[in-house]
Amino acid sequence: MDKPINQGAWLLVLPVLLIVAFSAIVPLMTVVNYSVQDTFGNNQFFWNGIGWYQELLDPTSDLGGRFFDALWRNLLFSFLILAIEVPLGIAVALSMPRDGWRVAATLVVLALPLLIPWNVVGTIWQIFAREDIGLLGWVVNRLGIPYNYTADPLSAWVTIVTMDVWHWTSLVALLCYAGLRSIPDAFYQAARIDGASQWAIFRNIQLPKMHRVLLIAVLLRFMDSFMIYTEPFVVTGGGPGNSTTFVSIDLVKLALGQFDLGKAAALSIVYNLIILAVCWVFYTVMTRMDAQRN
Amino acid sequence: MLRARIVLGLYIVFLLLPIYWLVNMSLKTNTEIVSSLTLWPHKLTFDNYTKIFTDPSWYSGYLNSLKYVALNTVLSIALALPAAYAFSRFRFVGDKHLFFWLLSNRMAPPAVFALPFFNLYSAIGLFDTPLAVALAHCLFNVPLAVWILEGFMSGVPREIDETAYLDGYSFPRFFVKIFTPLVASGIGVTAFFCFMFSWVELLLARTLTSVDAKPIAATMTRTVSAAGMDWGLLAAAGVLTILPGALVIWFVRNYIAKGFALGRV
């Protein structure tokens with residue numbers, strides 16, 4: 001797998017480089033610029049150095065407290081959805097039909113939530129979970145469990161976690177299924193001859209094959225849940241109170257709601273650095289696995 | 001076997017129930033929605049759909065969305081094709097870093113870019129045009145396209161390139177005549193995913209438009225009025241946004257995992 005060295009390839013990459021630089025570097029420079037300045041309005045800016053960053057990273061300050069609250073909330077959310085979506089996704093993938101038209105039909109149904117615009121996912125659950133007109137909210141309340149996602153933080157969390165499980169478990173399932181499909185039938189036949197139990201087959205044949213796809217699934221789900229905005233924004237708007245305000249929601253409130261440019265910019269940079277760090281782990285693990293496979 | 005069917009059956013019910021409820025609501029009158037909970041529309045009505053298809057302020061939302069999504073898909077693929085080829089065939093200074101940098105843009109939170117994009121596109125006079133949203137979505141769709149296409153292209157043996165050069169093909173002719181048809185299915189899958197990720201995104205699309213290029217997702221927030229929520233209309237608009245994905249999904253069903261995993265499965 002030795003690719004020839006060819007510096008001329010840069011010419012082929014150039015268009016992509018230019019467009020992504022235009023969409024990523026230029027805006028990020030604006031953000032960096034804002035993050036070191038303060039303003040009293042009237043477009044008059046003055047140098048503020050690392051002031052915003054100090055405030056942001058100091059949990060005792062107003063801004064810092066707000067940031068760390070949103071950050072822990074977001075990490076808890078990511079942890080919860082991973083803890084539910086990964087096992088459930090594996091279970092669904094293992095339950096997929098073996099062949100025939102039912103495979104195709106199931107794949108299509110599973111993929112359906114993945115293709116729905118994110119605000120519509122929010123709308124679907126906003127309606128479905130309402131106590132007056134939504135099936136879920138109505139049934140749960142009839143069972144005598146108080147449930148109201150606009151007033152009660154716990155209900156809001158249950159709604160948002162369930163919504164994410166509904167939205168994205170299929171992704172984990174589809175990735176795992178892709179991993180499972182690469183297992184030759186001979187492996188299963190051998191296992192049957194050896195009299196291996198269902199658990200032994202899972203542990204020794206299926207799980208190792210899913211190793212790679214599972215890692216991709218976990219990291220994709222972590223990244224996307226860590227920058228979740230639209231779905232909880234539509235359903236709860238970050239409330240009740242601040243109980244479902246995740247980092248992205250807080251950032252948009254700060255930037256587009258209060259026009260607190262310096263603070264929002266400092267938050268953006270720190271947020272982006274966290275994403276970049278996780279992204280690097282993702283990339284390193286993935287390239288290492290690719291290298292092993294070749 | 002039985003247990004597998006039960007698990008899968010329950011999961012499918014869980015997936016379909018909220019969607020059914022949306023469809024159910026879209027076929028009811030608002031009186032029926034607020035008066036009592038009914039499991040199916042007792043008084044079937046298509047008024048909500050009729051309103052969307054006849055009121056320009058509604059259907060223009062769909063047209064605007066389709067405009068920037070189509071523009072973005074074409075742009076992303078046209079730019080990504082040569083780059084993906086370069087990554088799949090050659091090594092060059094900084095290739096690994098560049099590939100990683102692209103990935104990091106796919107993962108970048110749109111919330112970070114909302115405000116600077118607003119400033120940038122206002123400054124160059126593109127605010128409230130489909131082109132602005134199409135360009136903004138290139139932030140994550142171009143990297144996505146490069147990664148997926150690279151995955152497909154690496155599956156094409158390099159001997160084909162070498163044979164074509166020996167036969168006297170120039171690079172552009174080889175690329176268009178021989179190579180592109182070979183990765184046609186990959187291009188189709190990439191187009192689908194660019195389309196989809198642009199279609200489902202709301203935050204940037206909403207921030208960069210106000211009136212003329214307003215996407216359907218932003219139009220949907222209009223159903224809140226002084227008279228209360230127009231739930232039926234909101235549900236109908238939602239159902240119509242699900243349709244484009246649902247219509248093409250059959251053709252890409254075997255590639256869904258590959259596309260979401262950036263061509264790495």
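This is a predicted model: local features need pLDDT of at least 70, side-chain atom pairs count only at pLDDT 80 or more; totals for chains, interfaces and linings use all residues.
Q: How should I read an overall description of chain B?

A: Begin with its elements, then its extent. Chain B has 14 helices and two strands. Its C-alpha trace spans about 75 × 60 × 30 Å along the principal axes. Of the 265 residues in chain B, 48% are buried. Now take the contacts in chain B with a separation of 6 or more: 80% of them join residues 24 or more positions apart.

Q: How do I describe two packed helices?

A: Two numbers are used: the angle between the axes and the distance between them. Take helix H7 (residues 130–153) and helix H10 (residues 184–200), both of chain B. Their axes come within 9 Å and cross at roughly 160°.

Q: Which residues of H7(B) and H10(B) meet?

A: From H7(B), they include B:His137, B:Phe140, B:Leu144, B:Ile148 and B:Phe152. From H10(B), they include B:Gly186, B:Val189, B:Phe193 and B:Phe197. The residues of this contact divide into 11 nonpolar, five polar and no charged.

Q: At what angle do H5(B) and H7(B) pack?

A: Helix H5 (residues 95–106) of chain B packs on H7(B) at about 130°, with the axes 7 Å apart. H5(B) and H7(B) are therefore oblique to each other. H5(B) passes H7(B) in a left-handed crossing.

Q: Which residues make the contact of H5(B) with H7(B)?

A: H5(B) uses B:Leu102, B:Leu103, B:Asn105 and B:Arg106. H7(B) uses B:Leu139, B:Phe140, B:Pro143, B:Leu144, B:Val146 and B:Trp147. By class, there are eight nonpolar residues, one polar residue and one charged residue.

Q: Where does UniProt place the feature "transmembrane region" in chain B?

A: The unreviewed UniProt entry lists residues 7–23, 68–87, 108–127, 174–200 and 231–252 of chain B. Check such spans against the model. Residues 7–23 of chain B are 100% helix and 0% strand, with end C-alpha atoms 25 Å apart. Residues 174–200 of chain B are 96% helix and 0% strand, with end C-alpha atoms 36 Å apart.

Q: Which residues of chain A does UniProt list for "transmembrane region"?

A: Its unreviewed entry gives six spans of chain A: residues 12–36, 75–96, 103–128, 156–180, 213–230 and 264–285. In the model, residues 12–36 of chain A are 96% helix and 0% strand, and the end C-alpha atoms lie 36 Å apart. Residues 103–128 of chain A are 77% helix and 0% strand, with the end C-alpha atoms 28 Å apart.

Q: Is helix H11 of chain A mostly covered or mostly open?

A: Helix H11 (residues 247–257) of chain A is mostly covered, with nine of its 11 residues buried. Among them are A:Asp250 and A:Lys253. Just after H11(A), A:Phe259 takes a positive phi of about 50°.

Notes: Residues are numbered from 1 along each chain as its sequence is written. Chains are lettered from A and ligands numbered from 1 in the order in which they are written. UniProt positions are given in the numbering used here, feature names are shortened, and annotations may be inferred rather than shown by experiment. Helices (H or I, at least four residues) and strands (E, at least two) are DSSP runs, numbered from the N terminus. Axes are lines fitted to C-alpha atoms, for helices over the stretch in contact, and angles run from 0 to 180 degrees between N-to-C directions. Two residues are in contact if their C-beta atoms, placed from the backbone, lie within 7 Å. Ala, Val, Leu, Ile, Met, Phe, Trp, Tyr, Cys and Pro count as nonpolar, Asp, Glu, Lys and Arg as charged, and the others, Gly among them, as polar. Angles under 35 degrees count as roughly parallel, over 145 as roughly antiparallel, 65 to 115 as roughly perpendicular and the rest as oblique. A crossing is left-handed if the near helix is turned anticlockwise from the far one by less than a right angle, and right-handed if clockwise. A residue is buried if 20 or more other C-beta atoms lie within 10 Å of its own, exposed if 12 or fewer, and partly exposed in between; C-beta atoms are placed from the backbone.
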